[in-house]
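Q: Hi! I'm new to this one, could you walk me through a few spots in it?
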Amino acid sequence: MLRRMLHRVTKIPYNEITLGRTEKGKPYLLNTVEDIYKDLSFNVSHHGDYVVLAAEVNTAVGIDTMKLEKPAAAKTLSEYFRIMRRQFTTDEWSQIESGQTDEEKLCTYYRLWCLKESYVKLLGIGIGFEVIRLNFNLIDKLTEDGQTSCMTTLKVDDIPVNDWIFEEMLMDHHWITVALRPKNMQVKRPFTQFEILSFNELLEDSSPLSDPDQEYGEQFIQKPNNPADMKKS
């Protein structure tokens, strides 16, 4: 998906795209490109049934997605929330626990987690960042698929942050959050629109990056789709 985007945007031949990684693991483009694309920022996330990608020029970007599903790390939701207590502020827990049902509480929890992850991923600083420093305030409720918002506000270390935008979308029981830090906040921008790609569309204009390995391919196909489920059974 990343190579497809870079190929189509920059016109670099698919198999000539060269990627590097920062010390914290965030990928970036190493190829020489036209001036207009020198500030191209991109980020990828995956969870549940989706892999999502966001890319912007002249705007730093981070993206995260989470499927609304019961966490496997604990037997009950209250136990799971106890484990995660230190990741959210008192204000954020108040927003989470204001839900009338476990489903509503979990929905708000994942929404806030996506916001935090999108912030950290934009900065590209990895898991060392203490996300409890981030205090998000949800201005509006999103409860139905297809709903969007860019009204959420943020404080970092209790200081309001005004040069970031957080675009949130609820789609097919997944939260998708795009964190944006434009160079110019005065420029109005449309809400991010996602394009859903089929497998065949994903491979359009692609070319192999290595010689075929039949043995490896057969071994990979024989692997279980979800090893964790196989272990439980």
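A: Happy to! Let's start with Thr-10, which is buried, with a relative accessible area of 9%. Keep in mind that this is a predicted model.

Q: Where is the place of Thr-10?
A: Thr-10 belongs to helix H1, residues 2-10.

Q: And what does Thr-10 touch?
A: Leaving out residues up to four places away in sequence, Thr-10 touches Leu-29, Val-33, Tyr-37 and Leu-40. There is also a polar atom of the Thr-10 side chain that lies 2.5 Å from the backbone oxygen of Leu-6.

Q: New topic: how many aromatic pairs does a search of the whole structure find?
A: The search finds 13 aromatic pairs. In one of them, the rings of Phe-81 and Tyr-109 have their centres 5.5 Å apart and their planes at 35°, so this pair is tilted.

Q: Where do Phe-81 and Tyr-109 sit in the chain?
A: Phe-81 is in helix H2 (residues 77-83) and Tyr-109 in helix H4 (residues 102-123), 28 residues apart, and the pair links these distant parts of the chain. Both residues, Phe-81 and Tyr-109, are buried.

Q: What about the rings of Phe-136 and Phe-166?
A: Their planes are at 90° with centres 5.0 Å apart, so the pair of Phe-136 and Phe-166 is edge-to-face. Phe-136 lies in strand E6 (residues 134-137) and Phe-166 in strand E10 (residues 165-171), so the pair ties together parts 30 residues apart in sequence.

Q: Last one: which residues form a nonpolar patch on the surface?
A: Met-1, Val-44 and Val-51 do, with about 210 Å² of accessible area together. Met-1 lies in the segment before H1 and counts as partly exposed, at 35% relative accessibility.

Terms used. Residues are numbered from 1 along each chain as its sequence is written. This is a predicted model: local features need pLDDT of at least 70, side-chain atom pairs count only at pLDDT 80 or more; totals for chains, interfaces and linings use all residues. Side-chain values use heavy atoms; hydrogens and water are left out. Helices (H or I, at least four residues) and strands (E, at least two) are DSSP runs, numbered from the N terminus. Buried means under 20% relative accessible area, exposed over 50%, partly exposed in between (1.4 Å probe, protein chains only). A polar contact is a pair of N or O atoms within 3.5 Å; within protein, one must be able to donate a hydrogen and the other to accept it, and residues adjacent in sequence count only if both atoms are side-chain atoms. Contact means heavy atoms within 4.5 Å. Patches are made of residues with over 30% relative accessible area and no salt bridge: like charges are joined within 9 Å, nonpolar side chains (Val, Leu, Ile, Met, Phe, Trp, Tyr) within 5 Å. Accessible areas come from the Shrake-Rupley method with a 1.4 Å probe; for residues, only the protein chains shown count as cover. A salt bridge is a side-chain nitrogen of Lys or Arg within 4 Å of a carboxyl oxygen of Asp or Glu. Rings of Phe, Tyr and Trp (its six-membered ring) pair if their centres lie within 6.5 Å; planes under 30 degrees apart count as stacked, over 60 as edge-to-face and the rest as tilted.
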